[in-house]
Amino acid sequence: MKLRVLLAAGALALLAPAFSGDRFWLQFLGKAMITCIFAASLDLLVGYAGLVSLAHAAFFGISAYLLAGLSNQLALVNPLLTLPICLLAAAVAALVIGWLSLRATGVYFIMVTLAFTQMLYYFFNDAPGLGGSDGLYVNDRPRLGPLDFADRPTAYAGIWIALVVTYLLLTRVLRAPFGRVLVGIRSNEQRMRSLGFPTPRYKLVAFVIAGALAGLAGYLDATLYGFVNPAQVGWRQSGLLLMTVLLGGKGTLYGPMIGALLLTFIEHYGEQVTTHWNAIVGAFVIAVVLLMPRGIAGLLRGARG
Amino acid sequence: MAEPVLETRGLTRRFGALAAVDGVSLAFAPGEVHAVIGPNGAGKSTLLAMLAGELRATSGSIRLAGRDVTRFSPDRISRLGVGRSYQTANVFGELTCRDCVWLAAQSRVRSSMSFFWPAERYAEVGVRAARALNACRLADRHTTPARELSYGEQRQLEIGMMLATEPRVLLLDEPLAGLGHDEAKQVIALLQAVRADRTLVLVEHDMEAVFAIADRVTVLASGRVLETGTPGQIRLSPRVREAYLGNEP
């Protein structure tokens with residue numbers, strides 16, 4: 001109950017900058033909230049289904065690039081059209097990649113998802129017309145009647161709504177019978193099978209849900225920044241996100257979100273202090289993982305209990 | 001004998017040059033407790049894993065209620081009414097007893113692939129889970145995480161999880177292994193209680209228990225069926241004595 005109050009307060013606090021109009025904070029916190037969505041969607045796989053996937057950046061990138069394509073090539077700017085199309089594309093990609101990778105388990109699963117991420121990275125990097133390593137601009141951002149998402153406060157408000165909806169949706173799914181099955185699979189997959197659950201099907205559905213939400217994050221990112229580039233698709237991005245989830249505390253949903261906010265801040269202020277800020281992040285993550293295996297969320301839980 | 005509920009024909013599993021199970025043809029009648037015994041390495045656990053769909057047969061076939069299930073996956077076999085327990089207690093350590101049987105019960109309703117309503121809304125699952133928890137005599141421990149139970153209680157919980165799936169056939173791999181005398185008595189009493197209307201296939205080392213609860217006994221040696229008969233026949237069989245019982249201290 002206390003947790004809910006804290007989360008609601010945090011969500012309201014994040015809404016405040018939308019009215020301030022400060023361009024820096026809107027972009028900075030907007031990006032942080034997108035990472036929250038991205039990290040929470042990965043937590044569904046890592047923290048609940050026990051699937052460590054490095055393919056997550058791929059779905060983010062597919063959706064972001066597709067938004068750029070729809071806008072630049074087809075002049076589609078209505079988010080009521082582009083959002084479902086982009087999410088569907090990410091979901092279909094997750095269905096195909098998941099269907100193939102879930103044949104492997106453990107470290108082999110991780111390697112197969114890594115291979116897919118890299119394939120897509122090189123595709124976006126090398127395919128003609130996609131702008132190479134510079135990426136693409138989204139010429140016209142999503143627009144709906146009086147709402148123009150090129151306008152930062154509007155984009156920010158949209159991201160905020162997406163974050164709240166994502167969180168509520170994921171908590172709902174996890175409390176439903178489906179969520180219980182995922183936890184059972186993480187705990188003891190062999191037993192789940194001998195109890196009659198066709199576990200591959202459940203894992204694939206989780207993979208597709210998570211992939212679609214990663215696509216949502218990619219869509220919002222391309223909307224906020226107005227450009228996409230291959231670096232967002234690569235394994236480095238996937239790895240960083242995995243670190244975010246572990247730092248925040250997997251299997252809690254809110255933990256990875258806190259991790260995402262925290263890392264965004266460390267990255268920003270670290271950059272001002274030293275160009276080697278990545279080393280600071282690295283040391284921090286190592287310390288957290290070694291000293292608090294349940295991440296920041298574990299610390300919060302400990303304090304409550 | 002009545003139409004067998006579970007039947008194997010020439011069932012064989014090879015690991016390289018070794019035939020762990022070698023041409024086993026057995027029929028399990030509805031309602032019987034059928035023990036499978038034999039020295040270490042006789043192929044008992046391999047046989048059970050094949051019946052549960054966890055190991056593919058190299059050759060031969062398995063029929064369940066007249067249907068060929070030789071190549072079925074473990075989850076499909078389970079949904080056809082076959083429950084399974086393992087040589088060491090195999091539960092969901094981090095979940096509470098109630099959640100363990102809940103999951104097992106949930107496997108039998110069509111609502112498992114549902115995303116919207118909280119799991120507690122599915123009352124039929126709760127009813128089944130509560131019934132199973134009572135049956136395995138762990139109702140008073142329902143909030144205890146499974147890993148905190150004693151080993152004997154974990155075995156009880158495993159049987160409870162199996163019962164929550166309401167199976168017609170139970171495949172039990174050494175349900176008494178690792179149990180103290182009193183715990184073993186508990187589990188034997190539990191097995192006596194659940195045997196009504198069900199077929200039990202029981203792999204067990206504890207001879208006393210086997211002869212007490214089994215209707216029929218099959219002796220495996222080196223992957224082959226040495227003999228099948230009532231406990232009395234098996235006890236008196238010279239071949240069995242030579243191959244197996246004679247070696248027991």
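## A helix crossing in chain B

In this predicted model, H4(B) passes H5(B) in a right-handed crossing, where a crossing is left-handed if the near helix is turned anticlockwise from the far one by less than a right angle, and right-handed if clockwise. Helix H4 covers residues 123-135 of chain B and helix H5 covers residues 151-164, and the two pack at an angle of about 140° with their axes 8 Å apart. Axes here are lines fitted to C-alpha atoms, for helices over the stretch in contact, and angles run from 0 to 180 degrees between N-to-C directions. Helices (H or I, at least four residues) and strands (E, at least two) are DSSP runs, numbered from the N terminus.

On the H4(B) side the contact is made by B:Arg128, B:Ala129, B:Ala132, B:Leu133 and B:Ala135, and on the H5(B) side by B:Gly160, B:Leu163 and B:Ala164; two residues are in contact if their C-beta atoms, placed from the backbone, lie within 7 Å. These residues divide into six nonpolar, one polar and one charged, with Ala, Val, Leu, Ile, Met, Phe, Trp, Tyr, Cys and Pro counted as nonpolar, Asp, Glu, Lys and Arg as charged, and the others, Gly among them, as polar. The loop between H4 and H5 of chain B holds B:Arg137, which has a positive phi of about 60° although it is not a glycine.

## Basis of the model

Residues are numbered from 1 along each chain as its sequence is written, while chains are lettered from A and ligands numbered from 1 in the order in which they are written. Because this is a predicted model, local features need pLDDT of at least 70 and side-chain atom pairs count only at pLDDT 80 or more, whereas totals for chains, interfaces and linings use all residues.

## Chain B as a whole

Chain B contains nine helices and ten strands, and its C-alpha trace spans about 60 × 40 × 35 Å along its principal axes. Of its 249 residues, 45% count as buried, that is, with 20 or more other C-beta atoms within 10 Å of their own, as against exposed with 12 or fewer and partly exposed in between, all C-beta atoms being placed from the backbone. Among contacts in chain B with a separation of 6 or more, 68% join residues 24 or more positions apart.

## A helix pair and a loop in chain A

In chain A, helix H3 (residues 23-49) and helix H11 (residues 254-273) pack at an angle of about 140°, with their axes 8 Å apart. That angle makes H3(A) oblique to H11(A), since angles under 35 degrees count as roughly parallel, over 145 as roughly antiparallel, 65 to 115 as roughly perpendicular and the rest as oblique. The crossing of H3(A) and H11(A) is right-handed, and the residues of their contact divide into ten nonpolar, four polar and two charged.

A:Leu253 lies in the loop between helix H10 (235-248) and H11 of chain A. A:Leu253 has a positive phi of about 65° although it is not a glycine, and it counts as buried because it has 24 C-beta neighbours inside 10 Å.

## Where the chains meet

The contact between the chains takes 18 residues from chain A and 27 residues from chain B. Helix H7 (152-175) and helix H8 (177-194) of chain A each supply at least two residues of the side of chain A that touches chain B, and the largest share of that side, ten residues, comes from H8(A).
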